[in-house]
Amino acid sequence: MTTTGTHGQGPFIAAIDQGTTSSRCIVFDRDGRIVSVDQKEHEQIFPKPGWVEHDATEIWTNVQQVVAGAVEKAGITAADVKAIGITNQRETTLMWDKNTGEPVHNAIVWQDTRTDALCKELGRNVGQDRFRRETGLPLASYFSGPKVRWLLDNVEGLRERAEAGDILFGTMDSWVIWNLTGGVDGGRHVTDVTNASRTMLMNLRSLEWDERILASMEIPAAVLPEIRSSAEVYGHAKDGALAGVPVASALGDQQAALFGQTCFEQGEAKSTYGTGTFMLMNTGDEPVQSYNGLLTTVGYRIGDQKPVYALEGSIAVTGSLVQWMRDQMGLIKSAAEIETLASSVEDNGGAYFVPAFSGLFAPYWRSDARGVIAGLTRYVTKAHIARAVLEATAWQTREITDAMTKDSGVELTALKVDGGMTSNNLLMQTLSDFLDAPVVRPMVAETTCLGAAYAAGLAVGFWPDTDALRANWRRAAEWTPRMDADTRDREYKSWLKAVERTMGWIEDEE
């Protein structure tokens, strides 16, 4: 993965991406190009159905190894690296002893559902929206606050130690920064506004921990990290391959991708197409309440500038529908084959595929829904089904952009895309057609790491301003709409009809 010819032509920025399945480090040059990469997977721990944990000590060891690996592959030293940026899996929750540096329990991963009952209890008579006005989030097991409460309630003696000031809480950015900057020996206990905005404990407007919510969730303030901007020097790496280098940015992974895609203007959005899909739209310097099933979150904050907010929508099933076609149905042998098959027909033959395998996510949030293929006739072939599979991803994206426009009053200007599915050109064209907007894929696909690098580089003056980053960002490909409005509207109407058919399949679910 090392690109040749850049060695020694520093300086460079290093980005650490502490992700859900692996940790990696990428070294970038001044043009925002990748110089070297090192990556290491960590164990996924499943103690009970619905529970997901990580060993934070293993993760910190892996982070140190990939940093050393990336520096060695690049053939550089710490002196060539001007800053370190951090991006991370969001919401994953850890508590550790500040005197020993030992985690008190495995990290509880964002996907973990053990706090379901607690969230219902916390909703009291108000329900899911109890803290939404302050935090932009519905009460759900996804977020960190209830996970902290679970640890305090379930790890013996933890609440007493926490109240005595011996315990620190953090999302993975905080754990990595604390260890990088010295750990028990003066490590900085900080988080950034984007990660703090996913805990359900931060007030979106003041950007400070919300005392009323802390009291409601029974979480002592003593455990919380200091909330800082996404781009500033938090401290310096104490030892290891990058000893002495400033640690200068932190952004949750989806926000880092928004930043790496240089979505600095209101109405600019990015969508990451993986197993599922995360879409974020820059809504400017005011948080926008969602009435259409989206999350309100902090997009980023550069130093002491005003924070920039975003609306976020998630789609449960996109890439995983293609995997399902391959593994469960056997209709294709490889993921790439779906494009060839779908391209062999002109249209969907009247078939629509709504993959509500685990219910519908944004903007519906219906857990009683299940997947449906509608509009079948004898005319429909597996090629039409393949096309309907790709169209499902595009229509679901359209529903989220519609919700974003309704909530914010801001029209989508362009969609910047990243993730594995963007190699599918037919899907990209379909997206542009259904959204009636340009779809743009960048040169550097690693937009999450790039975003962390950009923010760290800004903090230390490696890049002068966001205009310089925009100039750096290079498009690899762009698709523009080719579909006429009548066809688009007619097809969308049929898609929405198919979505209706998925609802109410599961009876009497709470």
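Start by selecting Glu53: at 6% relative accessibility, Glu53 counts as buried (buried means under 20% relative accessible area, exposed over 50%, partly exposed in between, with a 1.4 Å probe and protein chains only). Before we move on, know that this is a predicted model, where local features need pLDDT of at least 70 and side-chain atom pairs count only at pLDDT 80 or more, while totals for chains, interfaces and linings use all residues. Residues are numbered from 1 along each chain as its sequence is written, and side-chain values use heavy atoms, with hydrogens and water left out.

**Stop 1: a buried pair**

Which residue forms a salt bridge with Glu53? Select Arg114: the closest N and O atoms of the two are 2.9 Å apart. (A salt bridge is a side-chain nitrogen of Lys or Arg within 4 Å of a carboxyl oxygen of Asp or Glu.) Glu53 sits in strand 4 (residues 53-54) and Arg114 in the loop between strand 7 (107-108) and helix 2, so the pair links distant parts of the chain, 61 residues apart. Helices (H or I, at least four residues) and strands (E, at least two) are DSSP runs, numbered from the N terminus. Arg114 is buried too, with a relative accessible area of 9%.

**Stop 2: helix 2**

Now pick residues 116-123, which make up helix 2. Colour Leu118, Cys119, Leu122 and Gly123, which are buried. They cover an arc of only 140° around the axis, which puts them on the same side of helix 2 (the arc is that of the directions from the helix axis to the C-beta atoms). Some background: an α-helix has 3.6 residues a turn, so residues three or four places apart point the same way.

What do the buried residues of helix 2 pack against? Show helix 4 (144-154) and helix 8 (211-217), and you have the answer; contact here means heavy atoms within 4.5 Å. Turn to the other side of helix 2 and you'll see Ala117, Lys120 and Glu121, which are exposed. Just after helix 2, click Arg124, which takes a positive phi of about 45°.

**Stop 3**

Switch to a cartoon view and look for six strands that form an open sheet in the order 3-2-1-5-14-13, with mixed pairing. Two strands pair if DSSP finds at least two bridges between them. Strand 3 (34-41) and strand 13 (231-236) stand at the edges with a single partner strand each, so one side of each is left without a neighbour in the sheet. From one strand to the next, the twist averages 25°.

Zoom in on strand 1 (residues 12-18) and strand 5 (residues 81-88): they run parallel, joined by seven bridges. Gln18 stands opposite Asn88 in strand 5. Next, bring up helix 14 (residues 447-459), which packs on the sheet and touches strand 1, strand 2 (22-28), strand 5, strand 13 and strand 14, its direction making about 135° with that of strand 14. Axes are lines fitted to C-alpha atoms, for helices over the stretch in contact, and angles run from 0 to 180 degrees between N-to-C directions.

**Stop 4: rings**

The whole structure holds 17 aromatic pairs.

**Stop 5: strand 6**

Which residues of strand 6 (residues 94-97) are on each side? Leu94 and Trp96 are on one side, Met95 and Asp97 on the other, and all are buried. Four bridges join strand 6 to strand 8 (residues 167-170), and the two run antiparallel. Finish by selecting Trp96, Trp175 and Trp178, which form one aromatic cluster.

Technical notes: Phe/Tyr/Trp six-rings, centres within 6.5 Å; stacked < 30°, edge-to-face > 60°.
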